Amino acid sequence: MPSGYVGICSFELFFPESHSLKEKRMHLRSVKQQLQNRVACSIAEVDHHGVWQRTRLTLACVSREAREAERLLDEAERWLAGQGFELLSHERELVCLDD
């Protein structure tokens with residue numbers, strides 16, 4: 001039996017309404033909290049720290065089954081696509097801990 005799966009998703013966001021780093025941080029806090037609540041993931045800003053309207057976030061979720069990890073990543077992507085900011089790009093990967 002596999003020992004678990006880690007779903008990883010990295011995505012770039014554009015906040016057109018943000019006019020300062022303070023506004024961007026406000027948006028980021030909300031995005032991170034919403035995703036943590038929706039998909040029980042760990043999430044961090046990994047790039048574009050000093051840019052007002054752009055960020056790259058990476059999230060990770062862990063599950064016993066591959067399809068559950070895929071479902072969590074799908075849920076995160078669906079939520080991101082429906083928000084008031086632009087989802088510029090995203091990449092995802094599923095890692096089996098036994099590999």
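Predicted model: local features only at pLDDT ≥ 70, side-chain atom pairs only at ≥ 80, totals over all residues.
**A colleague's note on the fold and its contacts**

1. Rings of Phe, Tyr and Trp (its six-membered ring) pair if their centres lie within 6.5 Å; planes under 30 degrees apart are stacked, over 60 edge-to-face, and the rest tilted. The whole structure holds 2 aromatic pairs.

2. Residues are numbered from 1 along each chain as its sequence is written, and side-chain values use heavy atoms, with hydrogens and water left out.

3. Are Phe15 and Phe85 buried or exposed? Phe15 is buried, at 2% relative accessible area, and Phe85 is buried too, at 13%. Here buried means under 20% relative accessible area, exposed over 50%, and partly exposed in between (1.4 Å probe, protein chains only).

4. Now the sheet. Helices (H or I, at least four residues) and strands (E, at least two) are DSSP runs, numbered from the N terminus. There are 4 strands in an open, antiparallel sheet, in the order E2-E3-E1-E4; two strands pair if DSSP finds at least two bridges between them. Strand E2 (42-47) and E4 each have a single partner strand, so one side of each lacks a neighbour in the sheet. E1 and E3 are joined by 10 bridges, and Cys9 has Leu59 in E3 as its bridge partner.

5. Two helices meet these strands. H1 packs on the sheet and touches E1, E2 and E3, its direction making about 15° with that of E3. H2 lies across E1, E3 and E4, at about 175° to E4. The axes are lines fitted to C-alpha atoms, for helices over the stretch in contact, and angles run from 0 to 180 degrees between N-to-C directions.

6. Which residues touch the most other members of the largest nonpolar core? Of its 19 residues, they are Phe11, Leu13, Val31, Leu35, Leu59 and Leu80. Strand E1 (5-14), helix H1 (21-39), strand E3 (54-63) and helix H2 (66-81) each supply at least two residues, and H2 gives the most, with 5. Such a core is a set of buried Ala, Val, Leu, Ile, Met, Phe, Trp, Tyr and Cys residues joined through side-chain atoms within 4.5 Å. Leaving aside neighbours within four places in sequence, Phe11 is in contact (heavy atoms within 4.5 Å) with residues including Leu35, Ile43, Leu59, Leu80 and His90.

7. Finally, the charged side chains. A salt bridge is a side-chain nitrogen of Lys or Arg within 4 Å of a carboxyl oxygen of Asp or Glu, and the count comes to 11. One network links Glu70, Asp74, Glu77 and Arg92. Arg92 meets Glu70 at 2.6 Å, N to O; Arg92 is in strand E4 and Glu70 in helix H2, 22 residues apart. Arg92 also bridges to Glu77, with the closest N and O atoms 3.2 Å apart. Glu77 is buried at 15% relative accessibility, whereas Arg92 is partly exposed at 31%.
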